[in-house]
Amino acid sequence: MLFKIPESFRIAGVKHAVELDPNLGLDYRLKGEATYGHRKVVLCSQQPIEEQRRAFLHEAIHHVDVLFDIRLRESQVIRLATGIAELIQQLEPDSAQELAGMIMERGHET
Ligand SMILES: [Zn+2]
């Protein structure tokens, strides 16, 4: 998936923060975490950027679930994230400038 993980995002107008934590998941391989009280997604910054994007999408879906009171099971969140990731992979940036920015960002990947 070729998208920039935002520093914050809104769901139903409610602002959510995104934080990177290099220590998240060191003990039990947690790739991401959704904290509902604090309206936050925490991602393990030691994992590859593609894994961070997948974790971001998964945790954001958890927040959509909570805000819209959908009451998804974990297995449903996983399948939704898989399907939406496939959809995102087929989307193209809508301008050369945006694409250039994404390529520059990818250049920083380790
Ligand atoms: Zn989950």
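Me: In what order do the elements of the protein run from the N terminus on?
Reply: Read the order along the chain before looking at the fold. In this predicted model, the elements run β-β-β-β-α-α-α. That comes to 3 helices and 4 strands.

Me: How does the radius of gyration compare with what the globule rule gives for 110 residues?
Reply: The radius of gyration is 14 Å, close to the 13 Å from the rule, so the protein is as compact as a globular protein of that length. The C-alpha atoms fill a box of roughly 40 × 30 × 25 Å along the principal axes. Of the 110 residues, 16% count as buried.

Me: What share of the contacts joins residues at least 24 apart?
Reply: Take the contacts between residues at least 6 apart in sequence. Of these, 46% join residues at least 24 apart.

Me: Now the sheet. In what order do the strands stand?
Reply: Start with the general idea. Strands of a sheet pair through backbone hydrogen bonds, either parallel or antiparallel. Here 4 strands form an open sheet in the order E1-E2-E4-E3, with mixed pairing.

Me: Which strands stand at the edges?
Reply: E1 and E3 do. Each has a single partner strand, so one side of each is left without a neighbour in the sheet. Neighbouring strands are turned by 20 degrees against each other on average, direction ignored.

Me: Do E1 and E2 pair in the parallel or the antiparallel sense?
Reply: Antiparallel, over 4 bridges. Phe 9 stands opposite His 16 in E2. Ile 11 has Val 14 of E2 as its bridge partner. The hairpin has 2 residues between the strands, and Ala 12 there takes a positive phi near 55 degrees.

Me: In which sense do E2 and E4 pair?
Reply: E2 and E4 are parallel, again to be read from the bridges, and there are 4 of them.

Me: How many bridges join E3 to E4?
Reply: There are 4, and the two strands run antiparallel. Gly 32 has Leu 43 of E4 as its bridge partner. E3 and E4 form a hairpin with 4 residues between them. Look in that turn for Arg 39, with a positive phi of about 50 degrees.

Me: Which residues of E3 lie on the covered face, and which on the uncovered one?
Reply: Sort the strand by side. Gly 32 and Ala 34 make the covered face, while Glu 33 and Thr 35 make the uncovered one.

Me: Why does Ala 34 count as buried?
Reply: Count neighbours. Ala 34 has 20 C-beta neighbours inside 10 Å, and the cut-off for a buried residue is 20 or more. Then ask what surrounds Ala 34. Leaving aside neighbours within four places in sequence, Ala 34 is in contact with Val 41, Glu 59, His 62 and His 63.

Me: Where does H1 pack, and what does it touch?
Reply: H1 packs on the sheet, touching E1, E2, E3 and E4. Its direction makes about 20 degrees with that of E3.

Me: How far does H1 reach from its first C-alpha to its last?
Reply: Compare the span with the expected one. H1 covers residues 49-67, which is 19 residues. It reaches 27 Å, close to the 27 Å expected at 1.5 Å a residue. Just after H1, Asp 69 takes a positive phi of about 50 degrees.

Me: Which residues are buried in H1?
Reply: Among them are Ala 55, Phe 56, Leu 57, Ala 60 and Ile 61. What covers the buried residues of H1 includes strands E1, E2, E3 and E4 and helix H2 (74-89).

Me: Which residues make up the largest nonpolar core?
Reply: The core has 11 residues in all. They are Leu 24, Ala 34, Val 41, Val 42, Leu 43, Cys 44, Ala 55, Phe 56, Leu 57, Ala 60 and Ile 61. E4 and H1 each supply at least two residues. H1 gives the most, with 5.

Me: What does Leu 24 touch?
Reply: Skip residues up to four places away in sequence. Leu 24 then touches Leu 30, Glu 33, Val 42 and Cys 44.

Conventions:
Residues numbered from 1 in each chain as written. Predicted model: local features only at pLDDT ≥ 70, side-chain atom pairs only at ≥ 80, totals over all residues. Expected span 1.5 Å × (residues − 1). Buried ≥ 20, exposed ≤ 12 C-beta atoms within 10 Å, placed from the backbone. Contact = placed C-beta atoms within 7 Å. Pairing = 2+ DSSP bridges. Rg over C-alpha atoms; globule rule 2.2 N^0.38 Å. Core = buried A, V, L, I, M, F, W, Y, C linked by C-beta atoms within 7 Å. Axes fitted to C-alpha atoms, helices over the stretch in contact; angles between N-to-C directions.
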